[in-house]
Amino acid sequence: MSGGETDWKRAKTGFAALLGPPLGWFLLFFAVPMAVVWAYSFGTNVGISDIEISGTFANYARALEPLYLGIMGKSLAFAALATLICLIVGFPVALAISFAPPNLKTWLLIGVMLPFWTNLLIRTYALIALLRDEGLINSGLELAFGWAGFERLSLMNNNFAVMVGLVYVHLPFTVLPLYAALDRLDRSLLEASFDLGAGHLRTIWNIVLPLAGPGIISAVLLTFIPVLGSYLQPDLLGGPDSQMIANVIERQFKRANDWPFGAALAFMLMYLTLFGIALQSLLKRRERPE
Amino acid sequence: MSEKPGLLDYARRWPLRLWMGLVFIFLYAPLVVLVVMSFNDSRRTTKWQGFTFDWYRKVFEDTELVQSLINSLTIAALSTVISLALGTLAAIALWRFRFPGKPLVDGAFSLPIVVPEICMGVAMLIFFARVMPWPSGLPWPLSLGAIVIAHVAFSFPFVAVVVRARLHSFDRSQEEAARDLGASDWRALWDVVIPHLRPALLAGALLAFTLSLDDFVITFFTAGPDTVTFPVKVYSMVRFSVTPKVNAISTLLLLFTVLLTFIALRLQARAEAEKTS
């Protein structure tokens, strides 16, 4: 098998027929809209609905004001904390799945993936029923400790609820790549470590973590990136002070009706995301030197 | 139970079992509560007041809600068909040909997968408001066009990834053999390559369908007042009041998802059994 790829010049019609439709769709319905947002981020509002692309950096300057920089920082902090929790919760799960017997493994994987397949909105909504003031957790605790003067915990409309929501929704994003990384490990190295007298924790710390390192970092980024752009969890579960960057962007486009500024904020998020992606692909390349 | 678990048999050690149990409770408890509450004969409290099918009846009486579900399923079906075609074409083109700028195209196709939904949402909002306004007042399935276009734009790269992974296991000499036996390029593609791809096509279709049905953020920015999809409708219901109707329709959708997943798994298992026999 010498490469097996055909040079495009040898079958131009076939090449165009294959690549043309997807590339055309991508350019017209993805690249062009994104480019328009990018252009708008250098625009100014003229009148009620007209926007002039004036090449100004004013929108970016405004995005760097303390108020918005604070929200950006908060989003990054939320994403970092949610990713850390996902990692701590998810690592033992991935470890157990990757060493489970094949039959059980399939079921455990389905178990992790099924919530991933169910509607995001429904999953976020399901949390409300548990967390709200007269929700299940509070009613349960009231029933159990009501005699001791239990007062309802406020679990909803605050940062705590947002964090629960972010972890709940993104946990499968962490477990699946972690599982993929751990499943590739050479088992004989672990056995050698045990033979030489190391305990489980020591083996995990000294052998598993370094070997699965790039895979773990990849899992971190695969969780961090979607969490950073989360819209629904802060919107539905959060309070007025738990807005993340996506909520501020949405407000510019719906209520505040300041599209150029919204576009600039959207591109700030894009730059952060693309930076994360670049980092991830760099690590992936290091993981598999060819 | 007296059998000692193997050294690496982490799934059978109690600390990990306990941990797994807690994680699975965390993942599933909210969904179980949702399903149970959809049968609860009470409007306000979360206390159990008796079994009822009332909320399901009310769901079907709510024509707007039913219409939003029909919209969502129609959009998902259309988006799946187009995404499957485009994704497969892209995967085959990238697998088959060597051309200048290939890494660029390859990277570009993965952008819709990684771009934050909110960014793509506002891009679609601006695009359909200013660049290519979707005509309003079109007859029903056509009025959903803008949403279908947006869904295809972020779904087809996922299909391409799945199909490409499967193409890696394809033995190119099979295609060459077909051509040696006189089949044209297209014939060889259709009769030899496509059948090999069947499991990936199924997985890709399922992925595209779920992605479309699941999407809220991008649709939220693309949908007009008369093209409300199921997630957008549920969002507005949740925003204004928590009604058990939402529990009922969510339960139906959950059931649908579980069913779809299991059908896909069965088909996949059967395809693998065929391969080994």
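How far apart are the mean positions of the 19 positive and 19 negative charges of chain A? I looked this up to begin with, and the separation is 7 Å. Lys and Arg count as positive, Asp and Glu as negative, with His and the chain ends not counted; each charge is placed at NZ of Lys, CZ of Arg, CG of Asp or CD of Glu.

**Ground rules.** I am reading a predicted model, where local features need pLDDT of at least 70, side-chain atom pairs count only at pLDDT 80 or more, and totals for chains, interfaces and linings use all residues. Residues are numbered from 1 along each chain as its sequence is written, chains are lettered from A and ligands numbered from 1 in the order in which they are written, and side-chain values use heavy atoms, with hydrogens and water left out.

**Chain A, overall.** I found 12 helices and 3 strands in chain A; these are DSSP runs numbered from the N terminus, helices being H or I of at least four residues and strands E of at least two. Chain A is more spread out than a compact globule, because its radius of gyration of 24 Å is well over the 19 Å that the globule rule gives for 290 residues. That radius is taken over C-alpha atoms, and the rule is 2.2 Å times the number of residues to the power 0.38. I also noted that 52% of the 290 residues are buried (under 20% relative accessible area, with exposed over 50% and partly exposed in between, for a 1.4 Å probe and protein chains only).

I checked both: residues 76–100 of chain A are 92% helix, with end C-alpha atoms 35 Å apart, and residues 160–182 of chain A are 100% helix, with ends 31 Å apart.

**One residue.** Is Gly213(A) buried or exposed? I see that Gly213(A) sits in helix 9, residues 200–228, and it counts as buried because its relative accessibility is 16%.

**Chain B.** Buried residues make up 50% of the 277 in chain B. The mean positions of its 25 positive and 20 negative charges are 5 Å apart.
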